[in-house]
Amino acid sequence: MKVGWIGLGNMGIPMASNLLTAGYDVCVWNRTPAKAKPLVSLGAVIAESMEKLVENCDIIFTMVSDDDAVRSIYTGAGGLLSAAVRGKLAVDMSTVSPETSRFLAQKCREAGLRFLDAPVSGSVGPAKEGKLVIMAGGEQQDFEQAKPMLDKLGKTALHLGPNGAGTSAKLAINLLLGITVQGVAETLLFARGMGITTEQMLTIISESAVGTPLIRGKAASILADDYPAAFALKHMAKDLRLAREAGVSSPLAESVAASYRTALEEGMGDLDLMAILRFLDPEKQEKAL
């Protein structure tokens, strides 16, 4: 089984690396070929074009930033569907709208290309460790074909239903992620206002019933007020927008979407999503003014 990988961002590189380490033959393509260098050292081959990648591969993974990017990869000039794709399998691991996943699935069916939407829950750390949670939508037999590879990328891979089910589940879990991170931020600010230090409150949270690996993993970043992006705030803002477009309109969803949207507008998009703490901090806001 020869594997193609398109999209070598913060997540794509460690994920493709895991397939190489597992012994798969991997051919890669990226708009910026220089990003493939770490993978070439592990044995990857760089394709000259997406058409060449499809020609040499049985299963093609795509992992790009948003709906426009993934639509371009599949249906744009020189895209996947302009190549000889019949009988092959495509697995899109991007976080996009269910509507986009169903659109791509239909276009792929018309071209004879089988399609799974299989986005992931987890950021760069779990991607490197092969501990992502993978949510797949599409035909069961296509999921079974991809599962040996998905098992090298994640700790859990679930088939959830027809095309669009994977991306629907991803928007739901990222809604909870956005709410959780903002909830932690508001808790820390509330506690600080009553004289409880951030370090003390983080300890309390971590040792309590609501303590999670997520919160423990963000503690050092919070204490240093330094937010290098493991999962960029701009992507959370995008995912919350997609969730609203998919129909969520609950009180918490509306509130958290507004917070991340405004933080993005204020130039915080390239920081980690935990930077919502800085955005909500009235002391930081006063200094900014």
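**View 1. Asp272 and Lys218, a buried pair.** Both Asp272 and Lys218 are buried in this predicted model. Their side chains meet in a salt bridge, with 2.8 Å from N to O. The pair links distant parts of the chain: Lys218 belongs to helix H10, whereas Asp272 sits in the loop between helix H12 (251–265) and helix H13 (276–280), and 54 residues separate them.

View 2. Lys238 counts as buried because its relative accessibility is 11%, under the 20% limit. Asp239 is also buried, with a relative accessible area of 2%.

**View 3. Glu283 and Arg192, joined by a salt bridge.** The N to O distance between these two side chains, Glu283 and Arg192, is 3.8 Å. Glu283 is partly exposed at 44% relative accessible area, and Arg192 is partly exposed at 29%. Together with Asp281, they are linked in a network of salt bridges. The model has 10 salt bridges by the rule used here.

**View 4. Helix H4 and its buried residues.** In H4 (residues 67–75), the buried residues are Asp67, Ala69, Val70, Ile73 and Tyr74. They lie on the same side of H4 because they cover an arc of only 165° around the axis. In an α-helix there are 3.6 residues a turn, so residues three or four places apart point the same way. The N-terminal end of H4 is capped by Asp66, which has a side-chain oxygen 3.3 Å from the backbone nitrogen of Asp68.

**View 5. Ser97 and its contacts.** Ser97 is found in the loop between strand E5 (89–92) and helix H5 (98–111). With 10% relative accessibility, Ser97 counts as buried. The side chains of Ser97 and Asp67 are joined by a polar contact of 3.0 Å. Apart from neighbours within four places in sequence, Ser97 is in contact with Asp67, Thr167 and Leu242.

**View 6. A nonpolar patch on the surface.** Phe190, Met194, Ile196 and Ile204 make up this patch, and together have about 410 Å² of accessible area. Met194 lies in the loop between helix H8 (165–193) and helix H9 (198–207). Met194 is exposed, at 52% relative accessible area.

**View 7. Asp225 and its positive phi.** Asp225 is not a glycine, yet has a positive phi of about 50°. Most residues other than glycine have a negative phi. Asp225 lies in the loop between helix H10 (213–224) and helix H11 (233–245), and is partly exposed at 28% relative accessibility.

Notes
Residues are numbered from 1 along each chain as its sequence is written. This is a predicted model: local features need pLDDT of at least 70, side-chain atom pairs count only at pLDDT 80 or more; totals for chains, interfaces and linings use all residues. Side-chain values use heavy atoms; hydrogens and water are left out. Helices (H or I, at least four residues) and strands (E, at least two) are DSSP runs, numbered from the N terminus. Buried means under 20% relative accessible area, exposed over 50%, partly exposed in between (1.4 Å probe, protein chains only). A polar contact is a pair of N or O atoms within 3.5 Å; within protein, one must be able to donate a hydrogen and the other to accept it, and residues adjacent in sequence count only if both atoms are side-chain atoms. Contact means heavy atoms within 4.5 Å. Patches are made of residues with over 30% relative accessible area and no salt bridge: like charges are joined within 9 Å, nonpolar side chains (Val, Leu, Ile, Met, Phe, Trp, Tyr) within 5 Å. Accessible areas come from the Shrake-Rupley method with a 1.4 Å probe; for residues, only the protein chains shown count as cover. A salt bridge is a side-chain nitrogen of Lys or Arg within 4 Å of a carboxyl oxygen of Asp or Glu. The arc is that of the directions from the helix axis to the C-beta atoms.
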